[in-house]
Structures are given as C-alpha cells and as structure tokens.
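Hi,

Here is the structure I promised to pass on. Could you open it beside this email as you read?

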Amino acid sequence: MTQRLEAQTGALVAANSQLDERRAFIEAILSGVSAGVLSVDRGGVIQLLNSSAAAILVREGDDPVGRPLAEISAELAELVASQEDAGIVQVRAQGDLRTLAVKVSEDVSGHILTFDDITQQLSDQRRAAWSDVARRIAHEIKNPLTPIQLAAERLQRRYGEEVTSDKPTFARLTGTIVRQVGDLRRIVDEFSSFARMPKPVFRREALGDIARHALFLHEVAHPDIRFAFDADAGEMEMVCDRRQLGQALTNIVKNAVEAIEPKPAPEDGGVRGHVRMRLHEADGALVIEVRDDGIGLPPERERILEPYMTTRSKGTGLGLAIVKKIVEEHMGEIRFDDAEGGGARVTLRFPVAALEKLEEGQVVALPKGKVTANGA
C-alpha cells in the first residue's frame, strides 16, 4: 500500500509539474503574440490575458485576473453575452477610443477572446479614400475658377465706370465673385496639398528659425493676440524637411488662433488671448509644444485628425490631417491635451537619432506616427 501511495503521489507530482510546464509554455507563447488574448470563465470572470490585451484594456499596475470582464470592458462583456462569435467593438483604452476586431470561441471552461487593434488600419483606409476624393474635387473645381475670376475682373474694369443706375451694388457683387473664387482656390489648394504631399527632403535645419517663422506669419495678421516663443536650449538643429515642418507648425498655430478668435474682445482693447510655442529636448527627442488659451478641444477629439473633420464654419478639415501626414513622415508623435487653466496643448515629438540617419542617406523604416488626444 505504501508503494502504491508513493507511486500515485509521484504520478500526481509529475502531472502537476507537467501542467505547470504546459501553462508556462502557453503563457510564453501568448506573451509574444501581437493579438490580444483573453480568457473568461462561465461567470464572465477573467482567468488569463496576455500582455497585448493588458496593454489595450488595463491601466498600468492593475491586475484584472479574478475580476469580472464587465469591469474591465463593458463592450467586450456585451459581445460575449450576445453569443456572437465575432464582432467589431469600440473600446476606450488609456483615454483613447480604439476599434477592435474580436473573435470569440467557447470551450468547457468558458470563452476565449482574441482581438486585433484595427484603429490605425481603419484610419489609413479612410485617409486613402479621402485622398482620392480630394484629387477628384481639386480637378473638377480648379479648371473653371480662372475664367470665372478673369470674367469678374474684366466686368469691373470694363463696365465699372459705365454703370450708373446702381454702381455700388455692381462693385459689391463683382467683388464678391472675385473674393469667393479666391476662397474656392484656397480650398482647392488644400485638397491638392492633402492628396499629393511631396516626398520630404531631409536636411539639417535650425528648428528655432522654422518655429519663429510660423509664429511671425500669424503675429503680423493678429495684433490682438500675444505670441511667445521659448527655447530651453540654444539653437537647436534637426534633420527635417523645412517646408513641410513649417507648414505643419503654421497649421497648428492657425488652429490655436482660430480657437482664440471666438472669445469676446476685452472692453479695454487689450489682448484677446495667448499662443505660446516652446522647444525643448526630452529623452533623446526634440519636443515642440504649442499652447493656447482659447475655447479648447472639441468633444470629438478622437476624430480631429481625420480628413474633413472640422468644427469651424469655414474650415475644410484638412489642416490637421496634413499635419498628421507630415509628422508620420518625420517618424514623430503628436498629442493633444487640455491645457491647464483652459485652452489646448499640442505636443510634437521627433526622434533625433532616427532623423540623423535620414540625413546620412541610410534606409530607415518609417513607423506610423503615434497620435493621442487626452484630457490633462
């Protein structure tokens, strides 16, 4: 009997050891899988999840194992409860709205969910579609603009002095035509810029000069707004495309100005608002921060970089989409936050070492630019 007990005990120890090894092997495999994997029991309690799932669903430092799935993600819990084997789910993770392609499989112990984050993929698809739309619109609108403008200007020159019955109205109407054609031309130019961004030409440039020029263009046009520039270090240099980076900063400052303009002007004729640009270095990256004290970020802050997404009555929604494209070409990251005390803060981060290689002519894989829009 003692021998049988020893044999059974040895078999149990060996079986437990084998189970532990198998579990460790499965966990090692799951940790290297890019897709999120999550296991819940019949009661909807989380039993296991890999690092990819934790990165999307769990705050750093939290341990979700043993907690109901509904506490971690109500959207995923609803999908499991619906008994569907697949679905597209939007979840709010780390302050961002993400789109997940989820598959659900059932076994004797409960359900296993596997999901991929397709947020960037959907964004790329929408941007590609909008680029094609932009090309078509630019082509169809641009051709008749020049003859319309020339005809209106000729009417002003040829008949401006001959009209006697209602001369001010004639001048106002022809002037409106010329002005509106100019607005249409500006919109078409933005369409063209978005649809056919030229490949960047990387050279070593003085970042402070580019930033100051972007501020100066708006400082002259908006004397009721106070502009400030601050650089923590001396004359910073960065490998970049000067024209494109200047365009990106100009668009960001333009958005800051437009966020201040709806604010009522002070009765004493003082400053309506402030725009501050700051350059500094952090963790091997050059950081450009633009802060304003305007009306703040819109409620649809997750979509502000999508083409043709705008909250402005006269906006085309292409300015920030172009900024995103330029940041991606420079392997950078862009972040939107609420500024302390009101307004918005836009932060651009560019990897210095990686950009240095572009100047040297090395082939560097361009990762997708990272975009986040959060509350401070």
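Predicted model: local features only at pLDDT ≥ 70, side-chain atom pairs only at ≥ 80, totals over all residues.

Residues are numbered from 1 along each chain as its sequence is written, and side-chain values use heavy atoms, with hydrogens and water left out.

Helices (H or I, at least four residues) and strands (E, at least two) are DSSP runs, numbered from the N terminus. Start with helix H7, residues 207-221. Its 15 residues reach 22 Å from first C-alpha to last, close to the 21 Å expected at 1.5 Å a residue (the expected span is 1.5 Å times one less than the number of residues). Buried in H7 are Leu207, Gly208, Ile210, Ala211, Ala214, Leu215 and His218; buried means under 20% relative accessible area, exposed over 50%, and partly exposed in between, with a 1.4 Å probe and protein chains only. The cover over those buried residues includes strands S6 (203-206), S7 (225-231) and S8 (237-240), helix H8 (242-260), and also S9 and S10. Contact here means heavy atoms within 4.5 Å.

H8 also packs against H9, at an angle of about 145° and with the axes 9 Å apart. Axes are lines fitted to C-alpha atoms, for helices over the stretch in contact, and angles run from 0 to 180 degrees between N-to-C directions. On the H8 side, the residues in contact include Leu245, Ala248 and Ile252; on the H9 side, they include Leu320, Val323 and Ile326.

Most residues other than glycine have a negative phi. Asp283, not a glycine, has a positive phi of about 55°. Asp283 sits in the loop between strand S9 (273-282) and strand S10 (285-292), and is exposed, at 79% relative accessible area. Met331 also has a positive phi, near 60°, and lies in the loop between helix H9 (319-329) and strand S11 (333-338). Met331 is buried, though, at 9% relative accessibility.

Last, what does the side chain of Arg345 contact? Arg345 belongs to strand S12 (residues 344-351) and is buried at 12% relative accessibility. A polar contact of 3.2 Å links its side chain to that of Glu340 (a pair of N or O atoms within 3.5 Å; within protein, one must be able to donate a hydrogen and the other to accept it, and residues adjacent in sequence count only if both atoms are side-chain atoms).

Cheers
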